[in-house]
Amino acid sequence: MARLFEAPDWRTYRMSYREPHRQLEPLEREAALVGRALAVLREAGILPHTDYDHGKMLAMRRAVAEAFEIPWTAISPRMQRLLYAINAIAQPQNMIAAGVFCGNTFISNAGAAVGPGACYRARHLIGVEIRPNEAARAERNVRRIDPSGVARVVAADAVDICAGFPEPIHLLYLDADGGPEKGKGIYLDILLAAYEKMPPGAIVLAHNSVNSAGRLRHYLEFVRDRGNFRESVNCILDPEGLEASVR
Ligand SMILES: C[S@@+](CC[C@H](N)C(=O)[O-])C[C@H]1O[C@@H](n2cnc3c(N)ncnc32)[C@H](O)[C@@H]1O
């Protein structure tokens, strides 16, 4: 059985996809709930501790609100904070984010290492988006807050990028939607392309562990199998959810 963190109000904590910057609750409550999720990740051995710089997370949030063109997003403020915190704590040298759309999910992860929220130096932070127009917009968005180029977006199939990546993958973030046939079921294809490159301690994060649980059934069975991943936690802070698993 997978471990679970459930915010008591996750069913009623709802964002509007077209108003991503609207504050939904007092920041103290948001930080406290995310802190409780991080504590479960620490207990599971997925994270070494739960400390991150709240001011830098807010600096990343402000920069995204000012600089990014976001037609819509399903990343709630709680999810944005959780993704930032996991990356800030785990400090992956190489991170690949699959299915980044306009780049908001990507920067929620990469923003721990680039731009005004940076708290460590990474080697490669790669966002992958299969639709060229969306990849171009995501790249434009990211460039506005990361002139360094450490974080970049490529227009490609995430399966190919993971299969061809020449270095260890320390954190893999999954958010690709493979169309009517596969849907979010494509997560398992992407993970399998990356799996052998993920060293012990590497983390995979899967968005939509709640609202796409049906399409993710095979993926969730794979990461919750202790023969494949040491631990896996379903973090339910909002109606989308995030499954976090460690090799
Ligand atoms: C639903 S969007 C993710 C949106 C994100 N959850 C947010 O709230 O901002 C999924 C994206 O995955 C992309 N995608 C689908 N298959 C892909 C693949 N094989 N490799 C890379 N991107 C892919 C789609 O083009 C789409 O932009």
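Valine 210 counts as partly exposed because its relative accessibility is 21%, where partly exposed is the range between buried, under 20% relative accessible area, and exposed, over 50% (1.4 Å probe, protein chains only). The model is predicted, so local features need pLDDT of at least 70 and side-chain atom pairs count only at pLDDT 80 or more, while totals for chains, interfaces and linings use all residues. Residues are numbered from 1 along each chain as its sequence is written, and side-chain values use heavy atoms, with hydrogens and water left out.

Valine 210 sits in the loop between E6 and H9; helices (H or I, at least four residues) and strands (E, at least two) are DSSP runs numbered from the N terminus. Apart from neighbours within four places in sequence, valine 210 is in contact with Trp10, Asn234, Ile236, Pro239, Glu240 and Gly241, contact being heavy atoms within 4.5 Å. Its C-alpha atom is 20 Å from that of proline 20, a residue 190 positions away along the chain. The loop, which runs between strand E6 (203-207) and helix H9 (217-223), also holds asparagine 208. Asparagine 208 has a relative accessibility of 6% and therefore counts as buried. Its phi is near 75°, a positive value in a residue other than glycine. Most residues other than glycine have a negative phi.

The strands can be taken together next. Eight of them form an open sheet with mixed pairing, in the order E1-E7-E8-E6-E5-E2-E3-E4; two strands pair if DSSP finds at least two bridges between them. Strand E1 (3-6) and strand E4 (151-155) are at the edges with a single partner strand each, so one side of each has no neighbour in the sheet. From one strand to the next, the twist averages 15°. Helix H1 (residues 27-43) lies across E1, strand E7 (231-236) and strand E8 (242-246), and runs at about 170° to E1. Such angles run from 0 to 180 degrees between N-to-C directions, with axes as lines fitted to C-alpha atoms, for helices over the stretch in contact.

Strand E2 (residues 94-98) runs parallel to strand E5 (residues 171-174), and four bridges join the two. Within this pairing, alanine 97 has tyrosine 173 of E5 as its bridge partner. E2 is also joined to E3 by five bridges, and these two strands run parallel. Here methionine 95 has leucine 125 of E3 as its bridge partner. Five of the six residues of E3 are buried, so this strand is largely enclosed by the rest of the structure.

Glutamate 129 belongs to strand E3 (residues 124-129). With a relative accessibility of 5%, glutamate 129 counts as buried. Leaving aside neighbours within four places in sequence, its contacts are Gly99, Val100, Phe101, Glu134, Ala135, Val154, Ala155 and Ala156. Two of these residues can be followed further. Phenylalanine 101 is in the loop between E2 and helix H4 (104-110), and at 14% relative accessibility it counts as buried. Its phi is near 50°, a positive value in a residue other than glycine. Glutamate 134 is in helix H5 (residues 132-145) and is buried at 12% relative accessibility. Not counting residues up to four places away in sequence, glutamate 134 touches Phe101 and Glu129. Its side chain also makes a polar contact of 2.9 Å with the side chain of arginine 137; a polar contact is a pair of N or O atoms within 3.5 Å, and within protein one must be able to donate a hydrogen and the other to accept it, while residues adjacent in sequence count only if both atoms are side-chain atoms.

Of the 19 residues around the ligand, Ala74, Glu129, Arg131, Ala158 and Asp175 come nearest, a residue being near if one of its heavy atoms lies within 4 Å. An N or O atom in the side chain of glutamate 129 is 2.6 Å from an oxygen atom of the ligand, and for the side chain of threonine 73 the distance from such an atom to a ligand oxygen is 3.0 Å. A nitrogen atom of the ligand lies 3.2 Å from a backbone N or O atom of isoleucine 130. On its own the ligand has 610 Å² of accessible area, of which the protein covers 93%; accessible areas come from the Shrake-Rupley method with a 1.4 Å probe, and for residues only the protein chains shown count as cover.
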